[in-house]
Amino acid sequence: MAVTDGVLLHLSDPPAAASRTFSGPRRTRASQQAQATKRKYQASGKVPPAKRRNDTPSHPAEKTAEKEMQRTFKGKKAQKVFSPKKSSASAAGRNPEQKPSIKTSSLFKNNPEIPELHRPVVQQVQEKVFSSDAFHDLDLHPHLISTINTVLNMSSMTSVQKQSIPVLLEGRDALVRSQTGSGKTLAYCIPVVQSLQAMKTKIQRSDGPYALVLVPTRELALQSFDTVQKLLKPFTWIVPGVLMGGEKRKSEKARLRKGINILISTPGRLVDHIKSTKNIHFGRIQWLILDEADRILDLGFEKDVTVILNAVNAECQRRQNVLLSATLTEGVARLADISLHNPVSISVVDESHGQSNPKGKAVLEVSAPQAGDELDSFAIPEGLDQHVTLVPSKLRLVSLAAFILQKCKFETDQKMIVFFSTCELVEFHYKLFLQTLLSSPGAPAAGQLPSGSTRLKFLRLHGNMEQEERTAVFQEFSHSKTGVLLCTDVAARGLDLPQVTWIVQYSAPSSPAEYIHRIGRTARIGCHGSSLLILAPSEAEYVNSLASHKINVSEMKMEDILSVLTRDACFKGRRWGHQKPRAAGPQEIREQATVLQTLFEDYVHSSERQVSWAKKALQSFIRAYATYPRELKHIFHVRSLHLGHVAKSFGLRDAPKNLSVSAVKKRKANLKRPDPHKKTQSKHRLAEILRSEYSSGMEAGVAKVKKQNKHSEPGAGQPAARQHPAWAVGKK
Ligand SMILES: Nc1ncnc2c1ncn2[C@@H]1O[C@H](COP(=O)(O)OP(=O)(O)OP(=O)(O)O)[C@@H](O)[C@H]1O
């Protein structure tokens, strides 16, 4: 039943029964009828169709819907339809002859055509993960070898370790490129520990840092620190330390004052200490390691990395530089080439055959930039099955929910990561799923789960959370066998989360490199894993963009994803009248998807506060959508978004009036050109919006703004890497 502007419409009844326009006292009758209809639905257990708002259709699809409605009504009794524009313009003096138009849209009506995916099948680049060589074949300290064997429980080297460790032990600068989950962390940690423990003069803690390791995120800093700590068990005089945003700055200062020999840090936090802590010295630095180097060297960190390199170069002329990443492109190598001294480029893949390098030898020079570098192809773990599904915007939310239920409720031992584009989207979906999927009416009580199913567990991780919560979530998800982690790209790189079986990308990433890193959270070190990318029909072209980087994805049909809903009693469609239960055909699936969508919409519309919260999430989605890089704008353009349909994927029954795409873009543009009068406020706001999620969060001013705008979202993906002036110094 829709109540629009005094008009009562029983959407499920044939239009002929549609009521007439009411105004004045008859409106009371209308509301009585509304109550009667509502009682009727409740008695029958049917789901009343969602209410529709009567206003100007803001998008072609809605106009079509309205035209469709007009056509539908034309031949029927009594219902004259007029364009709502007139109604809203002349609501006060409405001519009784004019009747408000009525919109009905449901999940499965007025959706854009889902195109056939004719994707080119490309030969993916693959690497052999393991070598046949053992760590004891290397010239390492016996205690180090026994630690690797017994504490880390490893015996044979991976290909990248086999190629990198000897070269790094010779003291060479190196560019190390190897697929996600291939053991790059140990590829640099082992040579660092081996060389420091072998120093003639035993290292003193008070000497300060001999090795500096920069990583893009706090969680990766923690993870790398944990690995170094394990390797240093036999060499207790060498002290590791980690600096990361969100931790207590005072205790970090104290540790720095006592001395840290292997320093692992996020760039932002190290800069913070360089500027404020007098007792941080780089005179003894022998190693500078940049893990996820292409991320560290992109614009998001440019300022911080320049400050760090200037500080290190000011005190230390000779050092070994090592850059590592699964997506180390020629662009970064070119940059590194300027700053590294005769570097060795180590790449496990033999690109020409897309197979691992049969000779297993390191390529000993940085190749001159080749044409087409920009279309770098990256190695994909062999055990990774990649999928894509085309889903109209209106159905995006129910499709994601159905997929989560399918994998993480109706199957066992599934552990899933779902990537969203902003913190706000993570928060929105996290709370929505907790309130609906976990506590939906009829959800089986604990212990009543149907056999073979798993209790759903949701976690979330993003850059706007307090550090101790971020750390707790990271540890919990690392150690859990199942569960669903909703996160932003703060978890896209480097994190080694065991047993992750599925990666879902709710929005496409801002670059092929980020795509590779996101899916690389599964299928690590030879394991199997799967990924699913959700695209709108208008975004289907992205599949070809992936193919141009030798990335193959196979299609998963939305209907197959939604069909799981027929297995869940919570979303059993109500029977209309006394119809016999049907097999789960398309109609049954549609009904149950509608029940699930109604569950979401009812929750969102259960209070004004929830509605405004959903609107903010929608705004954050649109703002992030507007930041896709130029080369992807032909695929992801805000103008191709159907706002009313996108609103539905936030549980909103209608597109918020004041949220036209241009309005959001204008607001963002204003933020870019701060009004001189409100410079301070918008400057901070701009910093907040553009701030990378990887910053320490200790930047002056932003931290306070961050506290006030708990849900402001961080900068979206950063543009490609660019040259750092400070790299020019620091020759070996
Ligand atoms: N020689 C080895 N034998 C067995 N397991 C290993 C070996 N080396 C590393 N691993 C394990 O492989 C997993 C991935 O290692 P690591 O995180 O270093 O990969 P990575 O290449 O850095 O990945 P990413 O590109 O995502 O950062 C870790 O769990 C690590 O303990």
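C189 counts as buried, at 2% relative accessibility. The model is a predicted one. C316 counts as buried too, because its relative accessibility is 3%, and the cut-off for buried is under 20%.

A disulfide needs two cysteine sulfur atoms within 2.5 Å. C316 is likewise in no disulfide. The count of disulfides comes to zero.

## Where the ligand sits

Which pocket holds the ligand? The ligand sits in the second largest pocket. A shell of 21 residues surrounds the ligand. The closest of these are Q161, K184, T185, D496 and R524.

## Polar contacts and burial

In the side chain of D496, an N or O atom is 2.5 Å from an oxygen atom of the ligand. Q161 brings a polar side-chain atom to 2.8 Å from a ligand nitrogen atom. S156 uses its backbone instead: a polar atom there is 2.9 Å from a nitrogen atom of the ligand.

How much of the ligand's exposed area does the protein bury? Taken alone, the ligand exposes 640 Å². The protein buries 86% of that area.

Technical notes: Residues are numbered from 1 along each chain as its sequence is written. This is a predicted model: local features need pLDDT of at least 70, side-chain atom pairs count only at pLDDT 80 or more; totals for chains, interfaces and linings use all residues. Side-chain values use heavy atoms; hydrogens and water are left out. Buried means under 20% relative accessible area, exposed over 50%, partly exposed in between (1.4 Å probe, protein chains only). A residue is near a molecule or strand if one of its heavy atoms lies within 4 Å of it. A polar contact is a pair of N or O atoms within 3.5 Å; within protein, one must be able to donate a hydrogen and the other to accept it, and residues adjacent in sequence count only if both atoms are side-chain atoms. Accessible areas come from the Shrake-Rupley method with a 1.4 Å probe; for residues, only the protein chains shown count as cover. On a 1 Å grid over the protein atoms alone, a cavity is a set of points where a 1.4 Å probe fits but cannot get out, and a pocket is an open set with protein on both sides within 12 Å along at least five of seven lines; lining residues have an atom within 4 Å of a point. A molecule sits in a cavity or pocket if more than half of its atoms lie within 2 Å of its grid points.
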